[in-house]
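The structure under discussion is shown below.

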Amino acid sequence: MESQLVLISDLQLILVPLSIVVMVLVSWYFMKWTRLAAAGPGEKKLKKLQQLLPPGPKPWPIFGSLFLMDPQEAAHLTFGRLAEKYGPLMLMWMGSSPTLLISNAAMAESFFKNHDQTFAHRPYMLAGKHLGFQFSNVVFSSYGPYYSRLRKIYTLELLSPKRVSLSQGLRQIEVRLLLQSVLKDSLDLQSCSAAGTSGNVSVINMSSKLQTMGIDNLVRMIFARPNSSKSTAASLELITSEERDELKAVVKRAVELAGMFYIGDFIPIFRFLDFQGIETQMKELSQSMRRIVMHLIEKQRRQLLQGGIGSTEIHGSSASKLNIVEVLLAQDGDDKLSDDAMTAVIFDFIIAGSDTTSVSTEWTLAELLNHPQDLQRAQKELDTVVGRERLVEEADIVKLPFLQATVKESFRLHPPAPLGIPHACKEACRLGGYDIPANTTAMINIWAIGRDPSHWENPHLFSPQRFLDDDSSASKNVTMFGKDFQLLPFLTGRRQCPGAQLGLAVVQLAVASLLHSFDWSLPSSASDSTTTHHHQPLLSMKEKPGLVTPRATDLNLIVTPRLPISVYMID
Ligand code: HEM
């Protein structure tokens, strides 16, 4: 017994210090683990991990590399410059969020081929919470069953190839309204100038006209049935012009707010403060958005009831007989959409589809004004195929290879969403031989990829010819829909833009119609022009920062009609 006690006390002598050592080791390890889990940039303890992270600028505590961003410069340009230093796979700490920047075609291919699904999530964005109605739209919702259900409705119904094709009459109405509005302004300005009341320059702000066309086109696509009568007013009976103006005003405000720099998206602690006042403004706006759209949805429900049409009847109708609100109301069973989800989808549509199309049209026009020979060649092609006795129709586009190449070249040099929409992963993975931590945001620099010198000869030169058969370069067969990683204006993979076909159709029709209907020139006093050695004013191609990137200054042009006036007036 005594010997047992001696043994126990001996054991105690060993066990007590041992357990203290174990406890110290466990708590040291726990502290290390928790610090690593919550580690921000600049943490010394991360050094070992960082050896496996992709290269990138050295971060500051808390703010990471945010100080490298210049609010006056479009972000894709800053990222493009940094990629020249750190390579096509770069990791930057945007506040406390690790952000992967992918900047060439080879890295984009590896990213999408190996990690499309891992990175199919979206990072937290305040805009998604309020303007995406608690992340219930496609743009902001995280990858999962809800997202897949909604995305299926987009691909199979709202933006199916059939619906896009059926709705070409609606696009033609909007483009015709644009031409009529440009014509009216140009004639008004000419008569004022003849009367000596407006100097002698008839300059039209095309940026603002195209922006109106971009939104109106999507509004018509949502509220008009694809097979509506071609008459401009008849197809929009659901929405009055006052309601349309109200809707457009909230869309514009939503685009402004979504494009603002909100510090809480990068440093979560700031989410509790809202010292910028952005969250308060978004909350207020989302209430107006909900009120306006719910009123229209209710109106649609009432119309259907009055017509004795229930969801079974709607379900049985062919797509050509339903507008998009009706298609949303027709979702049944597991696919039934909440009011918030319907509101979110309607705004998704207008916001994602309007500025992207108007800005692309504007860039194409601007590039052509800087390349008069290409402008003349496109007009010559249009005169041969369409003639001057009628307006361009969508069916003409397939017969206009130079026009198609021109739009493609413009998408290469000026993708309207140059960084796409940020992707995010929830689990850690490996890419390009590096460790990528869980909860990393990824941005694909579409702009830099389109100018990747290993794929494009004279990458900064605007040359539609590179896509045509008589050009011997390898570019001629390159497509825009995700097969070729050197040209990704709509990105690729699970999150690829579902409106790509619609967007391209609008841009091609608008560009073709504007070139065919008018002659274009620059006012010699254009405020954003610089003078070349030939004394020809050249338009500046400077970009304005934002999710969608327009030219830094409005496109003000002198316009002269090319067709007999009666041709523009046919309704
Ligand atoms: C020139 C026209 C357009 C361009 C260049 C464009 C480009 C893009 C890009 C780059 C993305 C991000 C894809 C990603 O995250 O991987 C995107 C997403 C999206 N676009 Fe477009 N877009 C255009 C027109 C449209 C139109 C007309 C619509 C609908 C009416 C639309 C609806 C959407 C939606 C809903 C998403 C989110 C997709 C998702 O998160 O799954 N876009 N677009």
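Arginine 271 is placed over the face of tyrosine 124, at 3.8 Å from the ring centre. A further arrangement of this kind involves arginine 412, whose charged end sits over the ring of tryptophan 456, 5.1 Å from its centre. These values, like those that follow, come from a predicted model.

**Aromatic pairs**

A pair of aromatic rings is described by the distance of the centres and the angle of the planes. In this structure there are 14 aromatic pairs. One of them joins phenylalanine 411 and phenylalanine 490: the ring centres are 5.6 Å apart and the planes stand at 55°, so the pair is tilted. Since an angle under 30 degrees would count as stacked and one over 60 as edge-to-face, the tilted class is the one that remains for this value.

Phenylalanine 411 belongs to helix α16 (residues 401-413), whereas phenylalanine 490 lies in the loop between α17 (446-450) and α18 (500-517); the pair therefore ties together parts that are 79 residues apart in sequence. Both phenylalanine 411 and phenylalanine 490 are buried.

Phenylalanine 490 also pairs with phenylalanine 481, with ring centres 5.6 Å apart and planes at 15°, so this pair is stacked. Phenylalanine 481 has a relative accessible area of 31% and is partly exposed. Phenylalanine 490, by contrast, counts as buried because its relative accessibility is 10%, and the cut-off for buried is under 20%.

Elsewhere, one aromatic cluster is formed by Phe111, Phe112 and Phe119.

**Surroundings of the ligand**

The ligand is surrounded by 29 residues, and the closest are Arg122, Tyr147, Arg151, His423 and Cys497. By class, the shell divides into 18 nonpolar, eight polar and three charged residues.

| Residue | Atom of the residue | Distance to an oxygen atom of the ligand |
|---|---|---|
| Valine 138 | backbone N or O atom | 3.4 Å |
| Arginine 151 | polar side-chain atom | 2.7 Å |
| Arginine 495 | polar side-chain atom | 2.8 Å |

Which elements give two or more residues to the shell around the ligand? They are α6 (145-158), α14 (339-370) and α18. The most is given by α14, which supplies six residues to the shell.

Methods. Residues are numbered from 1 along each chain as its sequence is written. This is a predicted model: local features need pLDDT of at least 70, side-chain atom pairs count only at pLDDT 80 or more; totals for chains, interfaces and linings use all residues. Side-chain values use heavy atoms; hydrogens and water are left out. Rings of Phe, Tyr and Trp (its six-membered ring) pair if their centres lie within 6.5 Å; planes under 30 degrees apart count as stacked, over 60 as edge-to-face and the rest as tilted. Helices (H or I, at least four residues) and strands (E, at least two) are DSSP runs, numbered from the N terminus. Buried means under 20% relative accessible area, exposed over 50%, partly exposed in between (1.4 Å probe, protein chains only). A charge sits over a ring if NZ of Lys or CZ of Arg is within 6 Å of the ring centre and within 35 degrees of the ring normal. A residue is near a molecule or strand if one of its heavy atoms lies within 4 Å of it. A polar contact is a pair of N or O atoms within 3.5 Å; within protein, one must be able to donate a hydrogen and the other to accept it, and residues adjacent in sequence count only if both atoms are side-chain atoms. Ala, Val, Leu, Ile, Met, Phe, Trp, Tyr, Cys and Pro count as nonpolar, Asp, Glu, Lys and Arg as charged, and the others, Gly among them, as polar.
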